[in-house]
Amino acid sequence: MGQLASLNKYLLRYKWLILGGIVCVITSNLFAIYVPVFVRLGIDNAMAISMLLPVSSSTVLYGMFWKQVLWFGVAILIASVIKGVFMFLMRQLLIVTSRNIEFDQKNEIFRKYERLGESFYREHYTGDLMSRITEDVSNVRMYIGPSIMYFVNILFSFIMVIAQMLSINSWLTLWVLIPLPFLSYSIYVVSKKINRGNKRIQEQLSVITTKAQETFAGIRIIKSFGAEENFSRDFRESGLDFQKKNLDLAKINAIFFPLMTLLMGLSTIIVLYVGGWEVQAGRFTPGNVAEFIIYLNMLIWPVASLGWTTALVQKASASQGRINEFLNQKEESQTGLDDIKWEQKISLKNINYRYADKDVDALSGVDCEINKGEFVGIVGKTGSGKTTLIQLLSRQLDIQQGQYLIDDVEVQDFSLKAFRSSLAYVQQDVFLFSDTLRENIAFGSESQVNEEKIQEVVRYSGLGKDMKLFPDGLETIVGERGVSLSGGQKQRMSLARALMRDAEIYLLDDCLSAVDAETESTIIEGLKKALYGKTILMSSHRIAPIMRADKIMVIEDGKIMAVGKHEELLERNEYYRWLFENQSVES
Ligand code: ADP
């Protein structure tokens, strides 16, 4: 239950709606209580009239009889309608509240997700993130809506109905109440089983979805390896498991309703049996028996829902726990200086970086300086630490040891938002949205997207000749994650996206690895023109793209081994010379 306390702020936000709902619950119960009273009076009066039959004229008695029936019938109708109206309002107010809270909570979690850093995303799967913002939030909604509604309803109907029953016949009341705790408890147990069954089904469903998604994403490789049969078999097995879990749940559901009806019927039999004795003993009227049966029916649903809502509350509490686990994660810092003044250089001093699951440093003792306006290349084998270095520079990763300075100011002093808006980052694995080429290129760019600028970046990023191949030019839809594009085209797209930004520093992580040699040199020339006066840091596992850089850093096993111009390095660094002579580095 402790976990659910974090919902209090929302309950407070909608306190008037909730209070309104509670008032409606009480009013609806108040009117519901009148119905059995009118039924009893109607029956007892009708019986009294029929007793007079031997001594009075039948026409007069029939007139009286019909008047009675009409009077009580109308009274029952009015009480029921009023009860119904308030029940409707109660549902409206409480269910609307639960939907409002669901909406607010989803937004809160989404905002939180956006503020969590790289390390969080490294540790958690997308499926998990998705299930917390959808399934868990909806479990919590079930607590706020139905649970609160039924709980308040149970409380008031119990107090009112039992008080009324006790005032009529305390002995029979006790008898009638005996099966109810069993009913409540067995529904609680069965509900828990149902919830567990549902959870298993959900988990299996997500296994199937992931399998299907992975299969479609990797369909090319599956076909080329002729692995269709294996995948089909695997999918079929998961499907069978899913079916079995559903059937297990269906079995539990199948005993649920008969069990409820049995226990409810038991109480009714007790009323009829014990009530019958009481009538014979003269302590009870036949009207009282009818009245008791109606009270009993009024109690049964709240009792049944008590078991159900207890299971719901437990489920909601577990879900809220999972949500809280993410909400309590440390966010990327949102504060700091907004005004980034950068006059001379950025520098890294004695940087060490180690990934949480590794026992060697990905970077160790890195010292480097990047002067404003310089084109800096980083070259090294795959796994040498280039991406880690670029991610540290772009603050995707936080500094663990050492210093990162812009001029002489620690980079942590600047707000992340301002800092990131001053840089453009092209990552190694390109991500494209299922949208048009134009939208993908213009994505994230703050400057006014004008046609001239788009045409310019298309030219500079070497996409010009590709445009002729796309049927609708820039308006061509790229397909899910850009499946319809070649590796090189995707890289050029992400370069174009970066060029759209008006940044100070451009961090390009091995972004030309899938581009052919001729296009590569055209792109480098284009980049130099497009980004004239800007700072460029480009990493590559081959020397060719960074050969004409103002400064090249050679990185090996997380250490910077040499810094210099191409010619200097060729002359004095054996490793660099070896790389160059072998043209491309092994990957
Ligand atoms: P490069 O970009 O030069 O290929 P990386 O910076 O990607 O090199 O990798 C440097 C080292 O850090 C490698 O040993 C790699 O296995 C490790 N590494 C990279 N990313 C992660 C990660 N997310 N978790 C754990 N280790 C990582």
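Which elements do the buried residues of α17 pack against? They pack against β3 (375-379), α14 (451-460), α15 (464-467), α16 (487-500), β7 (505-509) and β8 (535-540), where contact means heavy atoms within 4.5 Å. Helices (H or I, at least four residues) and strands (E, at least two) are DSSP runs, numbered from the N terminus.

A word on the source: this is a predicted model, in which local features need pLDDT of at least 70 and side-chain atom pairs count only at pLDDT 80 or more, while totals for chains, interfaces and linings use all residues. Residues are numbered from 1 along each chain as its sequence is written, and side-chain values use heavy atoms, with hydrogens and water left out.

Back to α17, residues 517-530. Its buried residues (under 20% relative accessible area, with exposed over 50% and partly exposed in between, using a 1.4 Å probe and protein chains only) are Thr519, Glu520, Ile523, Ile524, Gly526 and Leu527. Seen down the helix axis, they fall within an arc of 165 degrees, taken from the directions from the axis to the C-beta atoms, so they line one face of α17. The face turned away from that side carries the exposed Ala517, Glu518, Thr522 and Lys529.

Now for the ligand. Some polar contacts, pairs of N or O atoms within 3.5 Å, are listed here:

| Residue atom | Ligand atom | Distance |
|---|---|---|
| Arg122, side-chain N or O | nitrogen | 2.5 Å |
| Gly385, backbone N or O | oxygen | 3.1 Å |
| Thr388, polar side-chain atom | oxygen | 2.5 Å |

Conventions
The expected span of a helix is 1.5 Å times one less than its number of residues. A polar contact is a pair of N or O atoms within 3.5 Å; within protein, one must be able to donate a hydrogen and the other to accept it, and residues adjacent in sequence count only if both atoms are side-chain atoms.
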